[in-house]
Amino acid sequence: MARLRSDFWVAAHLRRCAVEGVSAVQRRRGAPEAGAVFVKVDRLDGRADLYGPAPQALFEDDETGGRRFEPLMREAFPPDVEARLAKEIRFDSDLWIVEIDDREGRHFLDLAG
């Protein structure tokens, strides 16, 4: 199966969050076809999680459109997560950022492994 375009994936994920009653916004728009997607989850208690693309070697393409994620930071301080995102942007200026606000840390991502 071909990998789902980043712009379509982000739009669908924002809709999924909305359906579940979770606040989510597109914070940064990247390359429409193939920009990497990073997801920050603000737990609204001074902690945040960051998820990024999992290496494709960890999984086979399947019905997810080829988008799997791995945790990059868990229960970190938001300024530390922002510093990591700034580093990622310096490395790849075409990336997308989705930000989710949820006390339970829900993200609705397909995790690798």
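1. Ground rules. The model is predicted: local features need pLDDT of at least 70, side-chain atom pairs count only at pLDDT 80 or more, and totals for chains, interfaces and linings use all residues. Residues are numbered from 1 along each chain as its sequence is written, and side-chain values use heavy atoms, with hydrogens and water left out.

2. Overall fold. The chain holds two helices and five strands. Their order along the sequence is α-β-β-β-β-α-β. Helices (H or I, at least four residues) and strands (E, at least two) are DSSP runs, numbered from the N terminus.

3. The sheet. The five strands make an open sheet, ordered β1-β5-β2-β3-β4, with mixed pairing. Two strands pair if DSSP finds at least two bridges between them. β1 (23-28) and β4 (69-76) are the edge strands; each has a single partner, so one side of each lacks a neighbour in the sheet. Twist averages 20 degrees from one strand to the next. β1 and β5 run antiparallel and are joined by five bridges. V25 sits opposite E99 in β5.

4. Helix on sheet. α1 lies across β1, β2, β4 and β5. Its angle to β5 is about 5 degrees. Axes are lines fitted to C-alpha atoms, for helices over the stretch in contact, and angles run from 0 to 180 degrees between N-to-C directions.

5. Two cores. A nonpolar core is a set of buried Ala, Val, Leu, Ile, Met, Phe, Trp, Tyr and Cys residues joined through side-chain atoms within 4.5 Å. The largest has 14 residues, and V37, V39, F69 and I100 have the most contacts inside it. α1 (6-19), β2 (37-42) and β5 each supply at least two of its residues. A second, separate core has 10 residues, including F38, A76, L95 and I97.

6. V39 up close. Contact means heavy atoms within 4.5 Å. Beyond residues up to four places away in sequence, V39 touches D49, L50, Y51, F69, V98, I100 and L109. Across the chain, 71% of contacts between residues at least 6 apart in sequence join residues at least 24 apart.

7. Burial. Buried residues are 43% of the 113 in the chain. Buried means under 20% relative accessible area, exposed over 50%, partly exposed in between (1.4 Å probe, protein chains only).

8. D102. This residue is in the segment after β5 (96-101). D102 counts as buried because its relative accessibility is 7%. Leaving aside neighbours within four places in sequence, D102 contacts V22, V41, D42, R43 and L44.
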